Amino acid sequence: MLDVQLFRNDLDFVIAGLKKRNFAFNPENYSELEARRKAVQTKTQELQSERNSSSKAIGQAKAKGEDVQPLLDKVANLGDELKAAETELSEIQAELDALMSGIPNLLDVSVPEGKDEDDNVEISRWGDLPKFDFEVKDHVDLGTARNLLDFELGAKITGSRFVVLNGQLARLQRALIQFMLDTHSCENGYQETYVPYLVNADSLRGTGQLPKFAADLFKASENPDYYLIPTAEVPVTNIVRDMIVDAKDLPLKFVCHSPCFRSEAGAYGRDVRGMIRQHQFEKVEIVQIVKPEDSVQAHEDLTAHAEMILQKLNLPYRKMLLCAGDTGFSSSKTYDLEVWLPGQNAYREISSCSNFRDFQARRLQARWRNPEMGKPELVHTLNGSGLAAGRTLIAVMENYQDADGRIHIPEVLLPYMGGLKVIE
RNA sequence: GGAGAGUUGGCUGAGUGGUCGAAAGCGCACGCCUGGAAAGUGUGUGUACGGCAACGUACCGAGGGUUCGAAUCCCUCACUCUCCGCCA
């Protein structure tokens, strides 16, 4: 949610900002609604004021034992009029809320113009691409050949875009998760946390998935309305919803492993092969809650923390700055990390690290008390995948394969694999 | 799942129909006191919206209702605690 004051004080700035995103915003429609809001609110408040003073007068007259009937007659019609005004006001406000909560975050000045992922800007590359003196296989061939991956079984148990991992490959995914959690909590200063995987609608509104992206979510129950989390970002960031955090407790840094559930109704036909795009996948998420002045640096740090995992696994990757058209709804600036997949001969997204500035915090009412003015102010929120474990598993399979289709275990994972060096 | 008790400001906690946005205390801010500090003491201290301002309006878990008037009465819901049942 953007700041309503910004809309009132500098509408042109907002219009320009949304134009960069190519977001269709109708300022006339907004201004007309806002003008109505103001008029009806003023009228409502005048009526309320009248009611309050009349009621007070009746109370005082009664206390003195005077006849209150004339006063009662005077306010006889006020009730209906007030009720009508209040109803109209709440309708206008609901309309404004709906409009405002559908408007995306403004982009950071450093975000490049652009339409889609083709316009993203490469910032850096790390690692040497592995050279193979044999025909490389992708993770599907590697996995199914040894019955480590079973897509048909996933389809039988549930449906398409679900998979079963067997034996040492399932263990390898668990090892990756453990390794990521340990690295972030022990070396990068994040607090490990375990959270609910079902969340309510308020939490999803807080981080921006609702009301706009309901189609991407699996709804688990009606009344109460619970949803499966699309990412641990939702429950973890909502830790600070409706909170005023002490200045001394900032920054808050959380790391959390969770399964993620995505319906992505619009994504059918993309990445149909393999486990690139599944309805259920494992991810380790890192989240930071920081003072506003610290968020730019925190974004760089958080991205570096995600990169550290790839480096320790010795997986080649590149860091992309997303262009205006590819940056997510709630984000002001996003770096994607793309890992090298020999089986696809391409870099593929494995982490997305975003600075939301106060966009989520405003929806969440997540604040801190700034000692300089003693007033509560919105915090800034950031998060990133550190990393998507399912895709990391694919990357390890494809980068660490040998001519016999075996998968070698990266050195940092050996302690988590009970000494196993190769998956035969 | 059943029965009972609760939910008030940053925190604790009073308040059962009218000068209650809400006592008191804690915390915090500023001042006095002090060589400095502690203690003591004085003043101030919620959020949001409208207004240049004075000020007005809303908010006492959420949503409805009764009333000229609701933190206070009624209804629905959520959550917390205690006891019983069931359960990994």
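How many nonpolar, polar and charged residues does the surface near RNA strand B have? By class, there are 4 nonpolar, 8 polar and 9 charged residues. In this count, Ala, Val, Leu, Ile, Met, Phe, Trp, Tyr, Cys and Pro are nonpolar, Asp, Glu, Lys and Arg are charged, and the others, Gly among them, are polar.

Before you click further, two notes. This is a predicted model, in which local features need pLDDT of at least 70 and side-chain atom pairs count only at pLDDT 80 or more, while totals for chains, interfaces and linings use all residues. Residues are numbered from 1 along each chain as its sequence is written, chains are lettered from A and ligands numbered from 1 in the order in which they are written, and side-chain values use heavy atoms, with hydrogens and water left out.

**Stop 1: the whole chain**

Select chain A. Its C-alpha atoms fill a box of roughly 100 × 45 × 45 Å along the principal axes. Colour by secondary structure to see 13 helices and 18 strands; these are DSSP runs numbered from the N terminus, with helices (H or I) of at least four residues and strands (E) of at least two. Now colour residues 26–101 as domain 1 and 117–423 as domain 2, bounds that come from an automatic or database domain assignment. The centres of the two domains, taken over C-alpha atoms, are 49 Å apart.

**Stop 2: RNA strand B**

Show RNA strand B and the 21 residues around it, the closest being Arg8, Lys38, Gln41, Gln48 and Ser55. A residue is near the strand if one of its heavy atoms lies within 4 Å of it. Of the RNA atoms that come within 4 Å of the protein, 70% belong to sugar and phosphate.

Next, highlight helix H3 (27–63), which gives the largest share of this surface with 12 residues. Helix H1 (4–9) and strand S14 (367–369) each supply at least two residues as well.

Zoom in on some polar contacts (pairs of N or O atoms within 3.5 Å; within protein, one must be able to donate a hydrogen and the other to accept it, and residues adjacent in sequence count only if both atoms are side-chain atoms):

- Arg51: a polar side-chain atom is 2.8 Å from a phosphate oxygen of RNA strand B.
- Asn52: a polar side-chain atom is 3.3 Å from a phosphate oxygen of RNA strand B.
- Lys62: an N or O atom of the side chain is 3.2 Å from a base oxygen of RNA strand B.

**Stop 3: buried places**

Which residues of helix H13 are buried? Select 389–399 to find out: 11 of the 11 residues of H13 are buried, from Ala389, Gly390 and Arg391 through Thr392, Leu393, Ile394, Ala395, Val396, Met397 and Glu398 to Asn399. Buried means under 20% relative accessible area, exposed over 50%, and partly exposed in between (1.4 Å probe, protein chains only). Across the 424 residues of chain A, 49% count as buried.

Move to Asn120, in the loop between helix H5 (78–101) and strand S1 (121–126). Asn120 counts as buried because its relative accessible area is 12%. A polar atom of the Asn120 side chain lies 2.8 Å from the backbone nitrogen of Cys323.

Finish at Lys333, in strand S12 (residues 333–341). With 13% relative accessibility, Lys333 is buried too.
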